[in-house]
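Grab your viewer and work through these exercises one by one. Try each task before reading its solution.

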Amino acid sequence: LPPRLTIPRLDSLLGNLRPGQTLSAVVAEAPRAGETLLRIAGRLVQARTGELKLTPGQVLRLEVLSAGRLPELRLLETVRAADTLREALRQILPQQRPLAPTLGALAQLAARPDLSRLIGTDAARLLRDLVQRLPDPARVSTPQGLRQAIRDAGPFLETRLAPRQPPSTPQQPAARNATAGANEAAQAARSDLKAGLLKLAAALRAGGGQAPATAARGIATAAPAPPVASGAASAAPPTATPPGLRPGADPALELLGALRRGQPPRPQASVALRALTAELAGQLRQQLPAHVESALARLKLNQLASLPQDRAQPPDWLIELPVRRDDAIDLWALRISRDADDTQENGNRRQAAPSWTVTLAFDLPGLGPVQSRVTLQGKDRIMALFVSEQDDTLPRVEAHLPLLRQRLEQAGLSVESLACRRGRLPEPAGPAGAGPLLDDHA
């Protein structure tokens, strides 16, 4: 018979198990002395796994053989994380589009006074709420506002919604922890971008709007480009090539390279907002379900790109942060990662000091595409580099470096270097920056 797993400590959740029921579990830690910590339905459970060879992150499919005080489960199959990731990419890649033009299309449609007639009352309310909740420049210019905007950008939704039961301490009782977790979940449901898109997609389906089916698997079948203007120029037809891309290039394809772990993000041009004619509004209404699904697919891709390949890898989050101005939507792409530990002297002891790097990419009207790498070593040592491939951008950036140094020093940071140069940020060598994003066969 396939291996059986017995669970020695019964959780309230597992008390509802019934024979014949199938479950999914994720190996949370490597087995020790024949026991393994599994994550089942968001709960950590200690299971006796005997001689089974399991690795952290491995997905297990289990069948309940017997319930009661010591539930017994049978291992049906193991699912490799690589297979799960490959299947997710296969489903998501055909739908995803760059986020800024998609959100620009939604913002333009939300400004229509006849929106309720076009898409229904519930969908109109959700669409306008989603657009209004996009952060503006004033909000992201403060530390607290930027922190909340990053949390609401979509990649952390599931983590914020998951029930949390941290251990209680005298300073932080369990009841207070549970209340804080419930408040965080409620806040995420109200303000998170991905949550807003999911609610809007559900409302459109309930109202009869369906996203068009993908004709075949592949990037070429992605959703149609939104009828919005890129940059400060007047509106371009949906098939026009956005500025900064070679003729014939698909923007969705051009941005996929940044999904690989460690790759610097690519600048994405701001999208100018304008009033829609009745004809364009009608076209956009027909394309609205596809635009919502493509935005969701883009957020899911960023989540997949942030997944570690193993538990030993340091954090590496890819985030696309839209910022709404009165007449445009800017897209700030960020990669937040922790580097290999640095060391610093602390008396006679050597103490590990974490090193964090934030890589930025943006393309603002009048400035052009810019990439930046900001590194914080320890608690206060900071260095920053700005690069651009446009010569006229560099003098404007360089002129503001003294002000940036002053602001950083006022914040209590020790500035080791500030520089700008022509070019692009280097891409990592080796497996992290090589090979196709998805290697598959038709």
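**Exercise 1: Strand 2 and its neighbours**

Strand 2 pairs with strand 3 (residues 35-40) in the antiparallel sense, over two bridges. Keep in mind that this is a predicted model.

Task: find the other pairing listed here for strand 2, with strand 5, then sort the residues of strand 2 by face.

Solution: 
- Start with strand 3: its arginine 39 is the bridge partner of valine 26.
- Now go to strand 5 (residues 59-66), which pairs with strand 2 over five bridges, again antiparallel.
- Pick out glutamate 63 in strand 5, the bridge partner of threonine 22.
- Finish with the faces of strand 2 (residues 22-27): Leu23, Ala25 and Val27 make up the covered one, while Thr22, Ser24 and Val26 make up the uncovered one.

**Exercise 2: Leucine 73**

Task: is leucine 73 buried or exposed?

Solution: 
- Check its relative accessible area, which is 0%.
- Buried means under 20%, so leucine 73 counts as buried.
- For a bit of geometry, take arginine 61, twelve residues away along the chain: its C-alpha atom is 9.8 Å from that of leucine 73.

**Exercise 3: A helix pair**

Task: describe how helix 9 and helix 11 cross, and what sits in their contact.

Solution: 
- Helix 9 covers residues 193-206 and helix 11 covers residues 278-306.
- Their axes come within 10 Å and cross at roughly 145°.
- The handedness of this crossing is left-handed.
- On the helix 9 side, the residues in contact include Leu197, Leu200, Ala201 and Leu204; on the helix 11 side, they include Leu288, Val292, Leu296 and Leu299.
- Sorted by class, this contact has twelve nonpolar, four charged and one polar residue.

**Exercise 4: The whole chain, and where to be careful**

Task: sum up the chain, then say which stretches call for caution.

Solution: 
- Count the elements: the chain has 13 helices and 16 strands.
- Of its 442 residues, 40% count as buried.
- Look at contacts between residues at least 6 apart in sequence: 64% of them join residues at least 24 apart.
- Turn to confidence: mean pLDDT is 77, and 72% of residues reach 70 or more.
- Flag residues 342-349, where pLDDT stays under 50 and the model has 13 contacts beyond four places in sequence.
- Flag residues 432-436 too, with pLDDT under 50 and nine such contacts.

How values were computed:
Residues numbered from 1 in each chain as written. Predicted model: local features only at pLDDT ≥ 70, side-chain atom pairs only at ≥ 80, totals over all residues. Heavy atoms only, no water. Buried < 20%, exposed > 50% of the residue type's maximum accessible area, 1.4 Å probe, protein only. pLDDT = per-residue confidence, 0-100. Contact = heavy atoms within 4.5 Å. Axes fitted to C-alpha atoms, helices over the stretch in contact; angles between N-to-C directions. Helix = DSSP H or I, 4+ residues; strand = E, 2+ residues; numbered from the N terminus. Left-handed = near helix turned anticlockwise from the far one by under 90°. Nonpolar A, V, L, I, M, F, W, Y, C, P; charged D, E, K, R; others polar. Pairing = 2+ DSSP bridges.
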